[in-house]
Amino acid sequence: MNFCVVGLQWGDEGKGKIVDILAEHSDIVVRYNGGANAGHTVVVGESRFALHLLPSGSVRPNTICVIANGVAVDPETLIGEIETLAQKDISLNGRLFISANAHIVLDYHKTEDKLREESLGKNKIGTTVRGIGPCYADKVGRSYAVRMGDLSDLDNLKAQLESIVEYKNKIFTALYNTEPISAGPLFEKCKTYADRLLPFTTDTTELLHKSISEGKSILFEGAQGSLLDLDHGTFPFVTSSNSSSLGMPAGCGVPAKVVDKFFGVIKAYTTRVGAGPFPTEQDNDIGQYIRDQGNEYGTTTGRPRRCGWFDAVAVSYTITIGAIDSIALLHLDTLTGFKEIKICKAYTIDGQQTTFFPANSAKLSQVSAVYDTVPGWDEDISEVSDFDDLPTNAQNYICRVEEMTGRPVTIIGVGPKRKQTIFR
Ligand code: GDP
Ligand code: IMO
Ligand code: MG
């Protein structure tokens, strides 16, 4: 069986935990979009891994890991992650494959990300400043981009970097009045990247199709959340890749019909990092309670996450565009202690009620959420392993989410650990 796991909200839904669990029965785990802006947490026993580029299957010693063409690879972060796992006696040798077509994030991309955000002032996107937007912009622009495969021809790469630096300096000095950058140090870094990462670099599209024909099971791991999708999310407050399941085929060269089941991951509530509209946001004691209970601070940047009630309008939309079959709902435990819990079932906009999500940010910022209120529960549920042992109100909450989204909730998280999971 082949599965695809994507986030259905604004990221950080708990994809890392779900991918790690499903990876037990997969031969290969594939990252196909985003870059080191992602932070996927996997908890194994007492060890906690925050993975940015390596697929979340990497902590399982026999799982094949693929970083496909659609990923923006930050070589420094990736080398760091490989070393961190090696220190814990988890080797990637012989089982990590990076696409030669994946684009590389270089230092000037991060500089550009930072300068652009600063220049936007109060209109900034609130990016992770990992150089993602500038790297993908260079990919689309074509002429000044560097791909993993370019590391194999250092003479050519040297000339390529010189021409890129000349171009970037014109922009940086004119727009941001910064000191010019030089190609020499960049080239030296690239030589290290070549030494460390070329042994893992290959044609991953060929590898994946060969694996499919051999009957291997593949797990596709989306990064970010579907509401951050460049085309279908809350533009411009989005990331620069297709982070819904629609990004999977282009991001790894495998058609979506190969996937037997699309899992959508949600939290029992909603969070968002960075700027942009958020109709169910609770910028008050309720939001702070969720943040404290759920430890809602960014895995990549440490920023406090904005928190709010579950939004069934938004999730129904991402289920529809992503052809999602079933839901993994995490952080049910975080809602413990609320007397009443709200679920957004519709929006009002210009006096009209709608249940279709307007992905246009200007429009979305004008909607007001229409809520159903359901009773909460007080019992500690973090050790519950059977749905029937959950408090009745917690069971009813899950059933309400199913009714509103039209999809079954087949996995429920009651804590960050592998065993804090209920399967239905
Ligand atoms: P991802 O980006 O979607 O992989 O999610 P993150 O790792 O950025 O954030 C999810 C956080 O929630 C991590 O700290 C996880 O360890 C934690 N987590 C995952 N599932 C649960 C759950 O069911 N309950 C609680 N309390 N924490 C969870
Ligand atoms: P995972 O995979 C949450 C958000 C940023 C910002 C916007 C654009 O861990 O769920 P970018 O750096 O991509 O240009 O930032 O997207 N963002 C995420 N939010 N989880 C993520 O990844 C995110 N990756 C990017 O906060 O609002
Ligand atoms: Mg995350």
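Predicted model: local features only at pLDDT ≥ 70, side-chain atom pairs only at ≥ 80, totals over all residues.
Trainee: OK, ligand 1 then. How many residues surround it, and which are the closest?

Mentor: There are 19 residues around ligand 1. The closest are Lys15, Thr41, Thr299, His331 and Asp333.

Trainee: Which backbone atoms sit by the oxygen atoms of ligand 1?

Mentor: Lys15 has a backbone N or O atom 2.7 Å from an oxygen atom of ligand 1. Gly39 also puts a polar backbone atom 2.8 Å from an oxygen atom of that ligand.

Trainee: And what about a nitrogen atom of ligand 1?

Mentor: Look at Gly415 for that: one of its polar backbone atoms is 3.2 Å from a nitrogen atom of ligand 1.

Trainee: How much of ligand 1 does the protein cover?

Mentor: On its own, ligand 1 has 590 Å² of accessible area, and the protein covers 93% of it.

Trainee: Switching to ligand 2. Which residues come nearest there?

Mentor: Lys15, His40, Thr128, Gln224 and Thr239 come nearest, out of 20 residues around ligand 2.

Trainee: Which side chains have polar atoms by the oxygen atoms of ligand 2?

Mentor: Among them is Thr239, with a side-chain N or O atom 2.6 Å from an oxygen atom of the ligand. For Asn37, a polar side-chain atom lies 2.9 Å from a ligand 2 oxygen. Arg303 has a side-chain N or O atom at 3.0 Å from an oxygen atom of ligand 2.

Trainee: So how much of ligand 2 gets buried?

Mentor: The protein buries 98% of the 550 Å² that ligand 2 exposes when taken alone.

Trainee: Let's do helices. How do α3 and α5 cross?

Mentor: Helix α3 covers residues 107-120 and helix α5 covers residues 154-176. Their axes come within 12 Å and cross at roughly 20°. That angle is under 35 degrees, so α3 and α5 count as roughly parallel to each other.

Trainee: And is that crossing left-handed or right-handed?

Mentor: Left-handed, as α3 passes α5.

Trainee: What does α5 do with α6?

Mentor: Helix α6 is residues 183-197, and α5 packs with it at an angle of about 140°, the axes being 10 Å apart. The angle makes α5 oblique to α6. This crossing is right-handed.

Trainee: How about α2 and α6?

Mentor: The axes of α2, residues 75-87, and α6 come within 10 Å and cross at roughly 40°. That makes α2 oblique to α6 as well. In this pair, α2 passes α6 in a left-handed crossing.

Trainee: Last topic, the backbone. Where is there a cis peptide bond?

Mentor: Between Phe235 and Pro236, where omega is about 5°. Pro236 is in the loop between β10 (218-225) and α8 (247-252).

Trainee: Why would anyone point that out?

Mentor: Because most peptide bonds are trans.

Trainee: And which residue other than glycine has a positive phi?

Mentor: Asp12, with phi near 60°. You'll find Asp12 in the loop between β1 (3-7) and α1 (15-22). Most residues other than glycine have a negative phi.

Key: Residues numbered from 1 in each chain as written. Chains lettered and ligands numbered in written order. Heavy atoms only, no water. Near = heavy atom within 4 Å. Polar contact = N/O pair within 3.5 Å; in protein donor to acceptor, adjacent residues only side chain to side chain. Areas by Shrake-Rupley, 256 points an atom, 1.4 Å probe, with all protein chains shown as cover. Axes fitted to C-alpha atoms, helices over the stretch in contact; angles between N-to-C directions. Helix = DSSP H or I, 4+ residues; strand = E, 2+ residues; numbered from the N terminus. Parallel < 35°, antiparallel > 145°, perpendicular 65-115°, else oblique. Left-handed = near helix turned anticlockwise from the far one by under 90°.
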